[in-house]
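Visitor: Could you walk me through reading some features of a model like the one below?
Guide: Gladly; let's take them one at a time.

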Amino acid sequence: MENFDWLLQGFAEAATPMNLMYAVIGVLLGTAVGVLPGIGPAMTVALLLPITYNVSPSAAFIMFAGIFYGGMYGGSTTSILLNTPGESSSVITAIEGNKMAKAGRAAQALATAAIGSFVAGTIGTILLAAFAPAISRFAVTLGAPSYLAIMLFALVAVTAVLGSSKLRGAISLVLGLSIGIVGIDFLTGQPRATFGIPQLADGIDIVVIAVAIFALGEALWVAAHLRRKPADVIPVGRPWMGRDDWRRSWKPWLRGTAFGFPFGALPAGGAELPTFLSYITEKKLSKHPEEFGKGAIEGVAGPEAANNASAAGTLVPMLSLGLPTNATAAVMLTAFVSYGIQPGPTLFEKEPLLIWTLIASLFIGNFLLLVLNLPLAPLWAKLLRTPRPYLYAGILFFATLGAFAVNIQPLDLALLLIFGLLGLMMRRFGLPVLPLIIGVILGPRIERQLRQSLQLGGGDWSSLFTEPVAIITYVCMAILLLIPLVLRLLHRDEESLLIVEDDKDQREKAQA
Amino acid sequence: MSAPEQDLPEAEQPETPERDVDYAQYLVVAVLALVGGFLVYSAMTLSEGFAKVDPVGPKFFPMVLGVAALVLAAILAIAIPRGSKGEADAGEDVDPNAPGDWRTVGLLIALFVAMIVLVNPVGWVITSTFFFGGAATILGSKHYVRNFVIGLILALASFYAFYSGLGIPLPAGILDGIL
Amino acid sequence: MIVIGYTADTFGKAALDAGIAEARVRDTDVLVINSTAGDSYVDAAFAQPAQVRDVRARLSTCGVPFELEQPVGVYAADALLEAMSRPEAELLVIGLKHRNPVGKLLLGSVSQQVLLECPKPVLAVKPDEA
């Protein structure tokens, strides 16, 4: 199996001292930002993007992947100890985890979260290593029209399905696509939307946009809303679990992984949904349903496994097709673009060593996270004592440092500020951020694909619909767009389909 | 099974007698209109593509996007008075019910502009020290000396780290020759 | 009125005990202040609901009228000095934590600021070595 050889080579590469060091830095950083509410892996990777100008791609990606996985681990620590999720995907963990902590079982909650994350992450990465190359190989055989269709589908999925308002998703998308227009037209050489500024001829540096939207916009928004009252933290010793806890945890771990991975891989899945589904499932299947709501270990094991598996799943479309399905993946794709590596199905063919080193380091990173998180959990809790003014001043500092270091020109700082204000505006008015960044990344590629497809098809629009995959994708896209209309006709709300189950449970409980 | 489902749609959309209209969203409309208008204008000033098999040409995308932006602006402008509101980002550390502390944001922006103007002439170290210290102070930390000391440490560390580690010389400004 | 600067640790407990004793001697009431700057996610000195209950229980059995305030978003020294500026406040009781000069520079010293700036008497106590 050729892939296995590549994986072994990847391990050899990833295990070099330099790369191991980056892996350790990555997972430590990732856990730290996962623990701290308000700062996340997406923002951290964005802040670190400028290092891509000076560090080898494999080192940079190893670090970013470490941050990505680490964020998932760190978030659960805060959820359990503080009842405040460190990451939005850890919201469900907080329900049972914090109750367990209040009942004096914080150590077990942390242990099941960490071990479950490890199990899910490892299985998820194995699945990633198995599926991504296969999908990639299939995708390479697709012609330009099909690939165009898939990219459009990703745009539509992210815009129309995620988030509560399609109008606002569309607005974000259009803004993102517009930003992508700035620059010289690749076919005719004319400058478009460059305002006569020569430095904009290459387009607005995507690093600056990522840092502005994710880091600066977020920092300014939080600055406008700093919360004041500190939360109740539960002191805890080293995490560990008793035999009974193991017995009750291992199946939820596996079920959670099964939920998380597919959702992570789908363009509109995300991590919140599988964790929610895992929680409901565990509640239904549990032999101790009365414990749910008071601290049931299955309610921590399942969702935590789900969110880590979904993180691994997110990497499948990112590596095999070059399609980002969440914010961190989008920022990591930005790094690819910044290195001049073309993301997409050809990635496995053109840069096999890089990709397999990345995958190998995911395994290593996962292992490091388990080893580092179990003994260090009380230490991470101490991190929460950092005063917020310093945290956010630090974010602002690193954002300006990064953006400035790209080209040492104040223009980039001005752009950073402008787009940072855009990011602030988006957060204030509920415009989702993901469609914008996907628009910036995919916009130019879609335009290029479209024009090239038409060129190859001799200028004939119907040539876009010649390939079967293209047709199927367009049909799926149409279905996605029409489902909400159909549901509305049947007088049902989309979310009510999911809430029905849980609501019924609660009514039964209330009557019992 | 049917009873809970029928209850839910009504529960999901309660009728509020007074509309909670968020007029500030017209800012978004303005931005969209600006972007859209600009794109359409710039698309019209581009010359046609000269490749015969490029029926799309460089004008197509900007034009489509410009029109889309204007259309969305119009839709949003109509939707706002009907109570359409975006959900303000409830990040993990944010209390979305509290009114925004825009004075803090304004001060931070002013600090930023000062940095943009001063960074090249005065140098990275000094401007970023004041940037960090100023930002920490604006954000509420009253330990003034400590704020600037930490800023200075970060500024010097980043200056030397970028120079020796990554080979990027950040501007030394008026400290040129001393550092 | 005796003002007690309370923190959720042994220093605060020492201050609480000393303050209550003083209030009994002087036959006056007690104002306990436990403030937080609201800067960090976690503030170990801020009394959480369970601890607040314990403190209130202790105060209600001590025999003097009491009040417990938990101001949020102010610095400890400012909160205590503000309380001391009230006309009925006669004595401030705080727990003293030893900080070396470097610690004082980096972390600040509430006790130092209060001792130097408070115009009325300050009683600084240390917890029992035992």
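Visitor: How close do the axes of helix 2 and helix 15 of chain A come, and at what angle do they cross?
Guide: Two packed helices are described by the angle between their axes and the distance between those axes. In this predicted model, the axes of helix 2 (residues 17-35) and helix 15 (residues 352-383) of chain A come within 9 Å and cross at roughly 45 degrees. Helices here are DSSP runs of H or I with at least four residues, strands are runs of E with at least two, and both are numbered from the N terminus. Axes are lines fitted to C-alpha atoms, for helices over the stretch in contact, with angles from 0 to 180 degrees between N-to-C directions. As a source note, the model is predicted, so local features need pLDDT of at least 70 and side-chain atom pairs count only at pLDDT 80 or more, while totals for chains, interfaces and linings use all residues. Residues are numbered from 1 along each chain as its sequence is written, and chains are lettered from A and ligands numbered from 1 in the order in which they are written.

Visitor: What orientation and handedness go with that pair?
Guide: Helix 2 of chain A and helix 15 of chain A are oblique to each other; angles under 35 degrees count as roughly parallel, over 145 as roughly antiparallel, 65 to 115 as roughly perpendicular and the rest as oblique. Their crossing is right-handed, the term for a near helix turned clockwise from the far one by less than a right angle, with anticlockwise being left-handed. Residues of helix 2 of chain A that take part include A:Ala23, A:Gly26 and A:Val27, and those of helix 15 of chain A include A:Gly365, A:Leu368 and A:Leu372. Contact means C-beta atoms, placed from the backbone, within 7 Å.

Visitor: Which orientation do helix 4 and helix 12 of chain A have?
Guide: The axes of helix 4 (residues 57-82) and helix 12 (residues 298-320) of chain A come within 9 Å and cross at roughly 165 degrees. That makes helix 4 of chain A roughly antiparallel to helix 12 of chain A, and this crossing is right-handed. A:Phe68, A:Tyr69, A:Met72 and A:Ser76 in helix 4 meet A:Glu304, A:Asn307, A:Asn308 and A:Ala311 in helix 12.

Visitor: Is A:Gly420 buried or exposed?
Guide: Count C-beta atoms, placed from the backbone, within 10 Å of a residue's own: 20 or more others is buried, 12 or fewer exposed, and in between partly exposed. A:Gly420, in helix 17 (residues 410-428) of chain A, has 31 such neighbours and therefore counts as buried. A:Gly420 touches A:Ala212, A:Leu216, A:Gly217 and A:Leu220, leaving out residues up to four places away in sequence.

Visitor: How many residues has the largest nonpolar core?
Guide: A nonpolar core is a set of buried Ala, Val, Leu, Ile, Met, Phe, Trp, Tyr and Cys residues joined through C-beta atoms within 7 Å. The largest has 203 residues, and A:Val211 is among those with the most contacts inside it. Apart from it lies another core, of 33 residues, including C:Phe66 and C:Ile94.

Visitor: Where does C:Asp27 lie?
Guide: C:Asp27 is in the loop between helix 1 (10-26) and strand 2 (30-33) of chain C. C:Asp27 has a positive phi of about 55 degrees although it is not a glycine, and it is exposed, with 7 other C-beta atoms within 10 Å.

Technical notes: Two residues are in contact if their C-beta atoms, placed from the backbone, lie within 7 Å.
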